[in-house]
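I opened this model to look up a few things chain by chain. My notes follow in the order in which I took them.

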Amino acid sequence: MATALQTQTVDLVARFPAIVTADARSGYTGFIVNKENLVEVATAVRDEFGFDLLTAVTGVDYIAENKMEVVYHAYKTIGGTGLAFKVQVERVDPIEVPSLINIWAGVDFQEREAWDLYGIKFTGHPDLRRILMWEGYEGHPLRKDWKEPFFEEETKPFKSRWPEGKHTFSEEKNPFRDNLNFPKDFDPEKYIVNKEEDLYASLERYTTKDVEGSMKTDHIVVNMGPHHPSTHGVLRVAVTLDGETIIGLKPVMGYLHRNHDKIGERNTYLQNIPYTDRLDYFNSMSNNFGYAITVEKLMNIQVAERAEYIRVIMAELSRVQNHLIFIGMLMNDLGAMYTPSLYAFEERELILDIFEAVSGARMMCNYFRFGGVVRDVPDFALKKIHDLVTDRLPAKTDEMERFLNENEILMARLKGIHVLNAEEAINYSVTGPVLRATGVPYDLRRADPYSIYDRFDFDVAVRHNGDMMDNYLIRFDEIRQSLRILEQALKQIPQGPINSQKPAYQVRVPAGEAYGRIESPKGELGFYVVSNGKPNPYRYHVRPASFVNLTAIESICRGTKIADFVALLAMLDIVMGELDR
Amino acid sequence: MDYEKLSLPNYNIPDDIQNAVAITTLDRLYNWGRRSSVWPLMFGLACCAIEMIAAQTARYDLARFGMEVMRPTPRQADMMLVSGTVTKKMLPSIIRLYNQMPEPKYVVAMGACASSGGPFKEGYNVVAGIDKFLPVDVYIPGCPPTPQALIAGLIKLQEKIDKESIKTVRWYNKEKFDGNYVPMPILGPDLIDVRRNAEIRDIASAKATQESA
């Protein structure tokens, strides 16, 4: 686990005296960089100190100090602890911070998100549009002085509901009797509707060239989604096509933006756990895991021994079912409608049965607590897991691989279709199986071990070609490695308490910040939590794997055929709940 | 109306042709045909969509009720299963899909979010229930509803279809039927429901006078 001391081993202050200062606030780590020298320092962080992977960028609104802060978390793909550096600017509009897009291309969407939700202008960003909300939306919602239409109180539990428990409708308190808020003197009839010119202007256009002897062609802009059977939810992409070839592509998202961050900052720490379930709704156990270890880091508590094993078992089961669904859905996208996914769902149901047995819910498990888990695993469930892991799942994985890998059409569709190479993937902050398929053995369970993963004997699944075939096969490898971990965990799991803490509705979290991350099935799932000692997080930020991985989609798809786009999108294994939050 | 009585025409069939002839009402035949082949729109919004997929797989098998043919295009669908959180940004697309569906059409609100906003109701980008815009036929509670709950809800919809009569359904009523067209909301500074334009303007100007006072 990263401690303050380990982070400080990189001494940015010695390298940049007078530009960089160590973050001296209690509970904080990292460095504060002068705004003017940010690009210079960031270049050195990447080139001199070797932090090639910038995973998380987010804003924090310190309204009391009249400061807006941008937090960057950089890591090395060879493993080890990370480096956090921050920029603080006066909280007076326009708030401007230089963009780091020329150093790490992966900051693209994250900077746009910070602009959208905090109103921080990243100078030098080529396409700074709103990303989660629409162009024309009033205000920047995550600012602390911005109130949502159904605003009741700054923090939960709301006085109207606790302890008296009086029930009121939010609609009654809002003048518009709905979840709406319009600026004063607003006249809807005079409003000029945004026709999304900015989006289409940002697309690369194909200019017709008058070449002698060749046919005159023109580009065509196609919108796929948000209602489209193969965009894995409500994602929309605007594509410029030359015939069948993709020339430019911009994803448009936010169609499932459910305001996790804003709601999370009103909630108490414990209330956020069920919300994390709904991030990546295939893997609620993994999401719980990431949030739990982040808050535990802040609280500085140990997890009960038995609970550690239960956590690993649940997270790995979750990974197995996620990859099975991935394979099934990929086949759907390639035109093998339903049959392979029916096979995948059959196994998934058996894993969901286990989740239901331990937590009471199939999908939204709400199972982890700070210091452990909420309920013990009954013996019959452990027996069931054991049977699944040692008997059924290995056989079914082999069967699925045998059925699919001997299919010539599938091989023709997958082999040699380039997804990413290692440099591109790291530059775009891509993590998870997609990065590992390019030959970079970067798996947080090994690179920056959390929980008890250092006790298990397993290999990091790596493939080297970075084409679709490798991206597909690496999922089978990962299922097998997960099954290996599961087998060992089931052998080693001790008896004992399942939580090191007393059950409590409100936990005491000392002031400070923490960035916790886990290897979720889709990549690095990070949580950035800032506490000011109160019962609610001051800042609660999710760094979703799907969202950051999608940054690379334009570079992946440019020059490929539109028919492959659907499959390439499937390769990134995005899930909209996590992407839009 | 009693469900059983619907198929009793009060007419005695002679014994010798009882195996060859069946008599029923036109309503019953018409409803039976439609309730047994409800084609849902292939349309998922959030977490609930995953349980919707699970309901179609081998273990739960929605095909038993004639609902397995999911159509990706609204032109061929009878039922819109609103499976997940409806956000303001997504709402215009949902309304457009609904308007493009031919009559007869039904809306099922699956899960807490589609019914009322659910756990995300307080969110600034969330519509507190699809019933603020679309006429909902069946609400299915749960977060997310299990596949069994979804199937139970869809059987409720079938029961609803069973009780319809050709004489009274809106889509055959020339005088009253207005096309069931829901006006498209606009994405402005917030979501503009164009049916409430005057009201929004009044409240917004009242807000201005309040502030200046």
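Before placing any residue I noted how elements are assigned: helices (H or I, at least four residues) and strands (E, at least two) are DSSP runs, numbered from the N terminus. The model is predicted, so I kept to its limits: local features need pLDDT of at least 70, side-chain atom pairs count only at pLDDT 80 or more, and totals for chains, interfaces and linings use all residues. Residues are numbered from 1 along each chain as its sequence is written, while chains are lettered from A and ligands numbered from 1 in the order in which they are written.

Entry 1, one loop residue. I looked up A:Ile498, which sits in the loop between α17 (468-492) and β13 (512-520) of chain A. Is A:Ile498 buried or exposed? A residue is buried if 20 or more other C-beta atoms lie within 10 Å of its own, exposed if 12 or fewer, and partly exposed in between, with C-beta atoms placed from the backbone. A:Ile498 counts as buried because it has 20 C-beta neighbours inside 10 Å. I then listed what it touches, a contact being two residues whose C-beta atoms, placed from the backbone, lie within 7 Å. Leaving out residues up to four places away in sequence, A:Ile498 touches A:Ala304, A:Arg306, A:Ala307, A:Ile310, A:Gly372, A:Val373 and A:Asp376. A:Arg306 is 192 residues from A:Ile498 along the chain, yet their C-alpha atoms are separated by 5.7 Å.

Helix α9 of chain A (residues 284-299) has 16 residues and reaches 22 Å from its first C-alpha to its last, close to the 22 Å expected at 1.5 Å a residue. The expected span is 1.5 Å times one less than the number of residues. Of the 16 residues of α9(A), 15 are buried. Just after α9(A), A:Asn300 takes a positive phi of about 55 degrees.

Entry 3, strands. I counted two strands as paired if DSSP finds at least two bridges between them. Strand β5 (residues 83-90) of chain A pairs with β2 (residues 31-33) of chain A in the parallel sense over three bridges, and A:Phe31 stands opposite A:Phe85. Strand β4 (residues 67-75) of chain A runs antiparallel to β5(A), joined by eight bridges. There A:Val70 stands opposite A:Val87.

Chain A has 21 helices and 15 strands. Its radius of gyration is 24 Å, close to the 25 Å that the globule rule gives for 581 residues, so chain A is as compact as a globular protein of that length. The radius is taken over C-alpha atoms, and the rule is 2.2 Å times the number of residues to the power 0.38. Chain B has six helices and five strands. The radius of gyration of chain B is 21 Å, well over the 17 Å from the rule for 213 residues, so chain B is more spread out than a compact globule. The C-alpha trace of chain B spans about 90 × 45 × 30 Å along its principal axes.

I found 48 residues of chain B in contact with 51 residues of chain A. On the chain B side, α6(B) gives the largest share, nine residues.
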